[in-house]
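Visitor: Please display the sequence and the structure, so that we can go through them together. I would like each term to be given with its cut-offs.

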Amino acid sequence: MNKFTIFLLLIGCLLGLQTSARSESGLQYPLASAASEDGTIYIADRNLPGIWKLSAGKLSIYYQGSKQFRTPLNAVRCLAIDSKGGLYAGDSATREVYRFDASAKPEPLTGGAIGIPMSLAFASTGELFVADLESQSIYLVNLGERKAAVYVNTPAPRGVAVDGQGRLLTLCNLKQPILRWSDKKSEVLVEDRIFEFANQMVVDAEGNAYVSDGYAKAIWKIPNAGKPIKLFSGEPLKNPVGLSRQKDRLLIADPHQKQIYALVLASPTKLEKLIP
């Protein structure tokens, strides 16, 4: 064995130790989460990079991405789970949306058609809406054909959600930050620019929308009929980004706290830490 081979082996060992230490240290920069029906929570971690799995209170790596740019999940930003429990992830490093198979292998769905996927939501027809910040568009992905096409154009979309009537809601940080779409025609749900910096949005069974506001350190509620209110604000939130729903509670990803919080909608006065 020559000196160059030994050198390469040593470098490999050091990189392996660094990866192990990084992985075992827990969440690095969580940006999004998604909960399955069995209670499992998946967490997109931009700096892992990859996806964590939280099950029965235990955190483990579901998918470990590479630190090399333009490799799958190097810049994972958003997650969603379909009606069958399948996990999907949006990744800006490869300009792609992935579906994970039974062995946790990511399968590309759009051929690199998406620029910066910020949010995912399933249409009532089973297709997938993707908010693309780069193209300022909402894409609709035909999962069977693995093709993506622009559904509507809307300025700087950061979040998408679908209500109980199958209508698309979009979120941005400009005037008229929340729009609701029917047959590709929009109506304004929120007129004024009330959010300091909106990140993601979800909708509950009654049609109420919820928005994470990073700069305001707050979670907003936009009632189906009524004015927006701050549902929760202040400590321990530092920069709430990811927002998803797990039955009767919201899951909030805060990268500055390296934590996922749960907020019970029936009594939104206290946050519960989910990461040990």
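This is a predicted model: local features need pLDDT of at least 70, side-chain atom pairs count only at pLDDT 80 or more; totals for chains, interfaces and linings use all residues.

Guide: Residues are numbered from 1 along each chain as its sequence is written, and side-chain values use heavy atoms, with hydrogens and water left out.

Visitor: Where does Leu140 lie, and is it buried or exposed?

Guide: Leu140 belongs to strand β11 (residues 137-142). Beyond neighbours within four places in sequence, Leu140 is in contact (heavy atoms within 4.5 Å) with residues including Ala123, Phe129, Ala148 and Tyr151. Because its relative accessible area is 18%, Leu140 is classed as buried.

Visitor: How far apart in space are Leu140 and Lys184, C-alpha to C-alpha?

Guide: Along the sequence, Leu140 and Lys184 are 44 residues apart. In space, their C-alpha to C-alpha distance is 12 Å.

Visitor: How many salt bridges does the count come to?

Guide: A salt bridge is a side-chain nitrogen of Lys or Arg within 4 Å of a carboxyl oxygen of Asp or Glu. One of them pairs Asp163 with Arg167, with the closest N and O atoms 2.8 Å apart, and both of these residues are buried. By this rule the count is 6.

Visitor: Which residue forms a salt bridge with Arg146?

Guide: The closest N and O atoms of this pair are 3.5 Å apart. Arg146 lies in the loop between β11 and β12 (147-153) and its partner in strand β8 (residues 106-108), so the pair ties together parts that are 39 residues apart in sequence. Arg146, at 36% relative accessibility, is partly exposed, and the partner is also linked with Arg99 and Arg146 in a network of salt bridges. That partner is Glu107.

Visitor: How many residues apart in sequence are the parts that Arg249 and Glu272 tie together?

Guide: The side chains of Arg249 and Glu272 meet in a salt bridge at 3.4 Å, N to O. Arg249 is in strand β22 (residues 249-254) and Glu272 in strand β24 (residues 271-273), so the separation of the parts is 23 residues.

Visitor: Which residue is joined to Glu235 by a cis peptide bond?

Guide: Another cis bond runs from Leu48 to Pro49, with omega near -20°. For the bond from Glu235, omega is about 5°.

Visitor: What is the phi of Arg70?

Guide: Arg70 is found in the loop between β4 (58-64) and β5 (76-81), and it counts as exposed because its relative accessibility is 57%. Gln136, likewise not a glycine, has a positive phi near 55°. The phi of Arg70 is also positive, at about 70°.

Visitor: What volume does the largest pocket have?

Guide: On a 1 Å grid over the protein atoms alone, a pocket is an open set of points where a 1.4 Å probe fits, with protein on both sides within 12 Å along at least five of seven lines; lining residues have an atom within 4 Å of a point. The largest pocket is lined by 35 residues, with Ala35, Ala80, Ile81, Phe122 and Arg245 nearest its centre. Strands including β1, β5 and β21 each supply at least two residues of this lining. Its volume, the space filled by probe spheres set on the points (joined across faces, edges and corners), is about 940 Å³.

Visitor: How many charged residues does the lining of the second largest pocket have?

Guide: The second largest pocket holds about 220 Å³ of space. Among its 13 lining residues, the closest to its centre are Leu31, Met118, Arg158, Asn199 and Val241. Ala, Val, Leu, Ile, Met, Phe, Trp, Tyr, Cys and Pro count as nonpolar, Asp, Glu, Lys and Arg as charged, and the others, Gly among them, as polar. By class there are 7 nonpolar and 4 polar residues, and the charged residues number 2.

Conventions. Helices (H or I, at least four residues) and strands (E, at least two) are DSSP runs, numbered from the N terminus. Buried means under 20% relative accessible area, exposed over 50%, partly exposed in between (1.4 Å probe, protein chains only).
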